[in-house]
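Please read them beside the model.

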Amino acid sequence: MSVFRLVLAFLMVSGCGRWLAAAELAARDVASPKMAVLIEVNRPIQLIDNPLGRDVWNLIRETNGLQQFLASPDADRFRQAVKFVEKSLGTDWQTGLARLTAGGIIIVVEPQGSSAEPGVTVVLTAADESILKQFIEAVQAELQRSAAAGNSSSGNGTEKAQKSVVSETKTYRSYDCHRVGNGWFAIAGRQLLVSNGQPQLEAALDRVAGAATAQPFDVPASLRLLDGAGKAAAILITANLGLLREDPKAQAAFKLPANDPIPLFLVGGYLDLVRRAEFAAAGLFVDGPAHEIKIRFPVGTEGAYGGLRGYFASETNESAPRLLQPTGAIFSAGWFRDYKKLWDARSDLLNADLVKQLEKENEKGKSEGLHFGISDLVQWIGPQFRLVAARQRETVYQKKLDERLPAFAVVIGARDEAAVRDRILGPIEGLLLIAAGRNIEDFKKVEHRGSRVTTFRFAEKIAEGDPGKAVLLNFNPAWALAQKQIIIGSTAEIVRDLIDDLERPEAAAGSQNERATDMQQVSLAEVSEFLMGFQERFVRGAVLEQGLSLKDAAKDIEVVHHLLKRLGTLTTSNVIAGDHFDINLRLGPAAQAP
Amino acid sequence: MTESQSRFDQFSPVIAWQAFVPSREQPWDEVLVAHLYRRIGFGAGWGTIREGLKSSPDELVGKLLATATGADEPDFEAEVTALRSGVVKDNDPQQAKALWLYRMLHSPYPLRERMTLFWHNHFATSNAKVRSVRLMQRQNDTLRRHALGRFDAMLSEMTVDPAMLIWLDSASNVNAAPNENYAREVMELFSLGVGHYSEKDIQEAARALTGWKVVSERAVFDPQQFDPTEKTVFGRTGRWTSGDVARLCLSHEDCARFIVRKVFREFVSENGNPSESLLDPLISGFRTRNYDIAWLVETILRSNIFFSAAAIRQKVKSPCDFLLGTVLALEGRPGLVQLAQSCDQLGQSLLHPPSVKGWDGGSTWINSSTLLKRQNMAYDLTHGSGSARGTDPARLPARYGFTGARGLAEFFLRLFHQQVNPAALESIVSQLESERINNAAVLYGDSSSESGLARSAAHLALTLPEYQLG
Amino acid sequence: MAISRRQFLASTSVLACSSVASGFWRNVALAAPNADQPGGSETILVVIELTGGNDGLNTVIPFRDPAYAAARPKLMQAQHEILKVNDDLALHPALSGLAKMLEQSQLAILQGVGYPNPNRSHFVSMDIWQTASFAADEPYGWLGRGVEKLGVAVNGLSVGAGNAPRALTGPSGRAISLRALADYELKVAGSGSNDARRRAVEAFAAGESRASGDLADLVKQAARETYRSAARLREVAANYETPVKYPATGLAGRLKLVAQLIAAGIPERVYYTSLGGFDTHADQARQHHDLLAELGDAIAAFHDDLKHHGQSKRVLTATFSEFGRRVKENASRGTDHGAASQMFVVGEAAQAGPVGAHPSLTDLDDGDLKHHTDFRSVYAAILEDWLHIPSTEILGGKFVPARFLKSQASA
C-alpha cells in the first residue's frame, strides 16, 4: 500500500510536474509599466447573462426592428459564430462559452513606438485543458477549410487568395507556438496565450515556465476596484495616463497658468487630476437588476494645483448640494464650484494678459450698466449650483402646444441674499420691463410659502404672425429667492415646485474622507413620459421612414416605453477624497440617494 | 407600318372596345391577370394573382372597379389623415411624397391612386414654386376627388386651384396685364393640345381669367381686378369669366380627342399611334356622357384590345410603376421616404414635375443613366440587409412551395415576368448553383444559404431588360 | 398631329442591333486622335442650351438707348455695374466670366438671332431651334441629321440629368446622356462571385427576349449601351487632375465632366448641356442674375481648364435659347415670351466682340425684337466652318454662314 502510494505520488508529481512548475498567468504577469491599457474580464459570461441584459433582451425581442434584423443577412455572422461554438464544443452556446472563459480573459495593449502596431497580448483561461484543446482544434480546422475554399473560388483573379494559415509552428520552452495570420498563439495548461508579436508571446511563456527575468507589475492597490459589497468587477480596465500626457496637444491643455479661460473654468479641476495620476481604472459591476461603473483616479485633493482649490468640494468646505426632485423631474444635477476661490487665485490660473483683461472687464462692470463686476458676483453667489429639467404639467397660455419642451431651472446658492435681491434681480426686472414692452404681459409677484416669486408671460398673440415664435409659448419665466438659493426657471410651475422641494432637509455632508462634488440623475421613466408628447411624430417617422404599419409602429413605441421604465434611472456621482477621485455611474431601477 | 401599328389594326373599332371574353387563343392566365393588376394599380404579389385567376375577367375588373369608385374606406382614410396633418404641419415635401407612396401601396383603391397620378401629370404643378405642402395636398385631394369623376368638373376646379395659380404666376392676375401664359397652358396642356387655338384666343381667354389671386393660401376673386368687357374665344363672344373659359374649352371639338388619346396612352399602349377611327367610339362616348372619366376607363379596362398583345407590355414602366410594382411583387414594406428618393433619382419626383408639361413618360424614362439606376435599385431592394430588410425576398419562394435552385429561378421569373424565358432560366440556375457552392464554404446550415440564393435569384430576374416594360 | 412631335420613337424605325450601338460607343472603340497635331485632331462643339427663354435684352444691354430705360423701369441694370463691351453695349453685371473671355479675345456676341414668324410656345420654339425645321413631326435634330444625310458620324453626348435633346437625335437613336461618372457602376454582391454575377446581368441584355416590338428593342439597346459605356467611363474618371477651381454650381460640374472627357481623348464631336430656369415671368432680377453668374463663371473655368490641358484650340462653346423676351417688362417685375435674342460663341476660334447690330428697340414686331440673322445661318457657319460638314442638306436649304469665326475672316 505504501509502495502504491509512493508510486502514485511519483506519478502525480512527474505527470503533473509540468503543471506544478508552470505558473498560471494572472494580470500582473502580463502587465508592464509601459502598457497603455490592461483589460481584465473576470466573468465574461456575466457580461451577457445578467438580469438587466435579460430583461432588455426580452423587451426588444418583440420589436419589428429586431425581428427584421434577425431575418436579414446582417445577423448571419452572429448565427454562424454561435453555430460554430455549439458544433465545436458540443453543447449549447451559453454553457460552452462559460466553460471556455471560466477563468477570465486578460488583454494588454502596449505601444511599440509610433511606427509599429501596438502589441496586443491576450490570455484566456478556460475551465480545463480539454475544452480548450477541443476549441482550438476546431478553429484550426475551420481556418484550413475556409482558406482552401477561398483559394478555389478566387480563380477570377480579382479576389486575393486567402493567406495560408497556420503556416508555422515553433517550439519554445517545450510549448508549441503557432502562427495564424500575423499573430501567434500557444496553449499552456488551461490557458490560451495569443499575441500579435512573437517576443510578447515568448515573454509570457517565460513567465509560465517560471523563467521570466522581469518582475510582475502591480498597479496601485487602490485601483483594484471593488463594489460596495466587496465583489470584483465583471470587467476592469486600467489605463496608463502617462502615455496620454506625452501627447503635445494634451500638454497644452494641462498647462497652468492656462491660456484659455473657458476649458479652465469648465473642466480645469478634472484636467488637473488627469495630469497628476499615473494610472486610472474603470470597472463594470453587475449589481442585481442594475449595472454600475466606477472610474477611479488615485489622486485627490492632496497635491492638487493650488489655484484650483475651489474647484472640488473638500473636507474644508461644503460638498455638492442634494439633488432636487420636483414632480416630473427628468434631469437633475448639482455640483460644487467655488468661483470666489478661483477668482482670488486668478493670477495662478491664467496668463498675465488674460488676467489683465478680466480685471478690466471687472472694473467696467462695476462702473457701468448694472454696477457690479465679476469680483462682486463671485462674492454673492455659489458655491453650490443645481440644474433641473422637468415635464411641464400645466400651461398659463390658452393655446396648448402638442409637443412641449420640458421646463428648466437653475438653483444657485446665495452667499449674500440681500445683495442678490437688490443689486442683481431688481435691476434686471426693470430692464426687462423696458426692453420687452408689448411682448410680455401679466408681470406679477406672488407669494409662495413665504418666498416671493416674480413671473411674467409672453403675449399670446406673439405666435400668430410667426409660427416660428410659437416655441415661446413653452415659457413663462419666473424667479425667486428661497432658503438662501436663487431659483431662476423657465416656468412659474417649476419654481414653485422647487421652493417646495427645498423645504426638505439637506442630507448629511457625507463621510469625512469622501465628499460628493458633483452629481447628476436622469429619470428614464420620466423621459419616457416626456416622449409621449412626441408620439405622433415618432409614429409618423416609423411609418414613413421605416415602412412599418401603424399597428407595428405603435407596438414598437410601447416597447421603448417599457424599456425606459425598466432601465429606471441613470445616476452619476463624483466623490473626492484626499487621495482619490471616483466617478460612479449607476443604471438601473431605484435611484440611489446620494 | 410598324409592328405596333399592325397590332392595333387587327381590331375593328367596334370589336376593339367590346368586353373581353377568354378563348383558346387568348386564355385567362397569369399573364393577363398580372397585366390587369399592373395597369389598374401598380402591381400585385403571387398570392393575389392566383386569387385573381379564380374569377372571370368580367368579375375581376368589376370587383376592382367597384372599390375604386365606391365610398371611401373609413379606416384607411383615418390612418392617412392622422399621418397627413403632421406632414402638412412640418411642411416637409419628402414626407409628402412618402405619404402619397403610402397611399399607392396600401390603398384599397389603387386605381384611384393611379388616376390621381395621371391627373397630377396632366395638371402638372410643382411644389418647387408653390412651396407649400398644404396647398399641394389640397390640390392632390381635388385631383383624387375627381379622378374618376367628370372631367368638366375637374377642369373648372383646377382652373382656380391656389397651387395652380401660384405655379402659373397667376397668384395675381390683374386687369392691366393679363397672364397669357396661364391661358396658354389651360388650352395647350390641360384641354386641347397644341395648335387648336390662335394667339388671339389666348389673349382673350387671358382677360377672362383675370381677377383671381391667392391670399393666405386661398384662391380669392377680386372683381376690381377682373376685366368685365367682352371677349371672343373660339369665335364666341361674351363677357366671359374663368368658369366660362373651362366650358368653352370643353365645347371645343378637340377636347375629348385630346383627353381620350392621353387616357389611351396611359392604359393601353405607348407604342405606336392609334388611328382616329379606332378611338372614335371612345371619343364620342366620352363626349356624350359629359366627360365621365370612370366610363372611359372602365370601357378600356374591359376591352378586347386591352387584353391583347396590342396592350400587354406595350408601355415603359414609369419610376412609380417600376418601384411600386417590385415592392408589391415582393410583398414588402420598404422605407417610403427612401423610396420617394429613388423615384426622384429615376426622374419622377412626385409633386415636383419638371415643368407644366409634366413628365413625357414612355421611352423618355429610359436612358443609360436611369436604366443603370433601375438595375442598381433592383439590387438595393433584394439584398436583404440594412434598408432592404423590409423587402427581403428570402421567404417568398418557400411560402408558395418553390425550393431548390431551379425552383427559385422559376418562381421569380414567373413572379416578375409571368413567362419563363428558357435561356434566362438556365443562366440564373447556373449562377445560383455556383453561388451555392461558394456559400457552402463559409456558411453553416442550409437555411441561410437558401435565403442568399433566393435574394440572388430575385435580383437576377429583375435585371432582365424586359422587366422595364409594363 | 402635334402630339407626335413629342413621341419621337413612335415614328422612327428601329434598326438592327449592330448599327444601333450609339455613336458614343462606336467612338469609344476608336483610338483617340493625337491632340498635338492640329490638322489631325477634330474640332469639338459644346452647346449650352438656356432653357426657358433667356432675356437677351438684359444680358447684352444697349445701355445708351433711352428706349431701354423706358421699357424696363424696374429691371434695368445700373450703369455703374454693367460690364462695358463697347460704347453702346454692355454685359449684365453677373457675366464677369464672359467679360474675362472677351478680354482674352475669345467671346463673340451674335446679335439679333431668330427666325421668321416667331413662335412663343416653349416647346414649339425649342423644337424649331433643335431640329432647324418648321415641320410638325421632324424626328431628327440638326446635329443628329448629319448621319442620315451624309453618313457622317456627328454624334454627340449630352451631359446632365434627363434625356439627350432632340438636337442630337439621329437615325441611330438618342445620344447617351451622362450625369456623373460615379453613376456608372453596376451593383452586384456576392462572396467571390462579383464578376460572374455582373456578366450574367450583362448577358441578359444580349440574349433574345420574349417581349417584342419597338419598346423592347429600345430597352435592350439601352441596356447594352449602358453596360459598355460604364466600363469605359470608369477608366476615364480615374486619373483626372486640374489646377482650375470650378465653381460649385451644377453647370460648372457638367462642364468639368465635359473637360474630363475631352482630355481623355474620347472622340465625340459634340457635347450638349443645358441650364434651366430662364422662364422669368415674375421677379426676374435675382433669378436672372444668379443664372447668368452660373453661366459666365462656368464657361470661364471650362475654357481655362481646356487651355491647361492643351485642348483650347479645338473647342468652341455656343449658347442659345428658344426665344428672347418682350421688350417691355410686365406687371410682376418679370418679362414674357419674346422673339429674337443673342447667342454667345466662346473659344480661341471665335472673333472677339459683337457681330451684327443690336435690334432696334422701337421698331418692334408686336412688342418683340426683330431678328436680322436667321439662326440657321449660325448653324451653317458651325457645320461648315467649324465641324467641316456641308450644311445645305442638313438645314434643308442654303443659308449663308454667319461670320463670327476667326477663320472666316481670313478666308
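1. B:Glu199 and B:Arg184 join through their side chains in a salt bridge, at 3.3 Å from N to O. The term means a side-chain nitrogen of Lys or Arg within 4 Å of a carboxyl oxygen of Asp or Glu. This pair links distant parts of the chain: B:Glu199 sits in helix α14 (residues 199-208) of chain B, and B:Arg184 in helix α13 (residues 180-191) of chain B, 15 residues apart. Helices (H or I, at least four residues) and strands (E, at least two) are DSSP runs, numbered from the N terminus.

2. B:Arg184 is buried, at a relative accessible area of 5%. B:Glu199 is partly exposed, at 36%. Buried is under 20% relative accessible area, exposed is over 50%, and partly exposed lies in between (1.4 Å probe, protein chains only).

3. A note on provenance. This is a predicted model: local features need pLDDT of at least 70, side-chain atom pairs count only at pLDDT 80 or more, and totals for chains, interfaces and linings use all residues. Residues are numbered from 1 along each chain as its sequence is written, chains are lettered from A and ligands numbered from 1 in the order written, and side-chain values use heavy atoms, without hydrogens or water.

4. Chain B holds another pair. B:Asp152 forms a salt bridge with B:Arg150, with 2.6 Å between the closest N and O atoms. B:Asp152 counts as buried at 18% relative accessibility. B:Arg150 counts as partly exposed at 39%.

5. There is also a network of salt bridges. It links B:Glu77, B:Arg84, B:Arg103, B:Glu113, B:Asp141 and B:Arg144. Over all chains, a search of the whole structure finds 79 salt bridges.

6. In chain A, which parts does the pair of A:Glu503 and A:Arg449 tie together? Their side chains meet in a salt bridge at 2.9 Å, N to O. A:Glu503 lies in the loop between α20 (492-502) and β18 (515-523), and A:Arg449 in the loop between β14 (440-448) and β15 (451-458), so the pair ties together parts 54 residues apart in sequence. A:Glu503 is partly exposed at 40% relative accessibility. A:Arg449 is exposed at 52%.

7. Last, a nonpolar surface patch. A:Ile262, A:Leu266 and A:Val267 form it, with about 280 Å² of accessible area together. Patch residues have over 30% relative accessible area and no salt bridge; like charges are joined within 9 Å, nonpolar side chains (Val, Leu, Ile, Met, Phe, Trp, Tyr) within 5 Å. Areas come from the Shrake-Rupley method with a 1.4 Å probe; for residues, only the protein chains shown count as cover. A:Leu266 is placed in helix α13 (residues 261-276) of chain A. A:Leu266 is exposed, at 57%.
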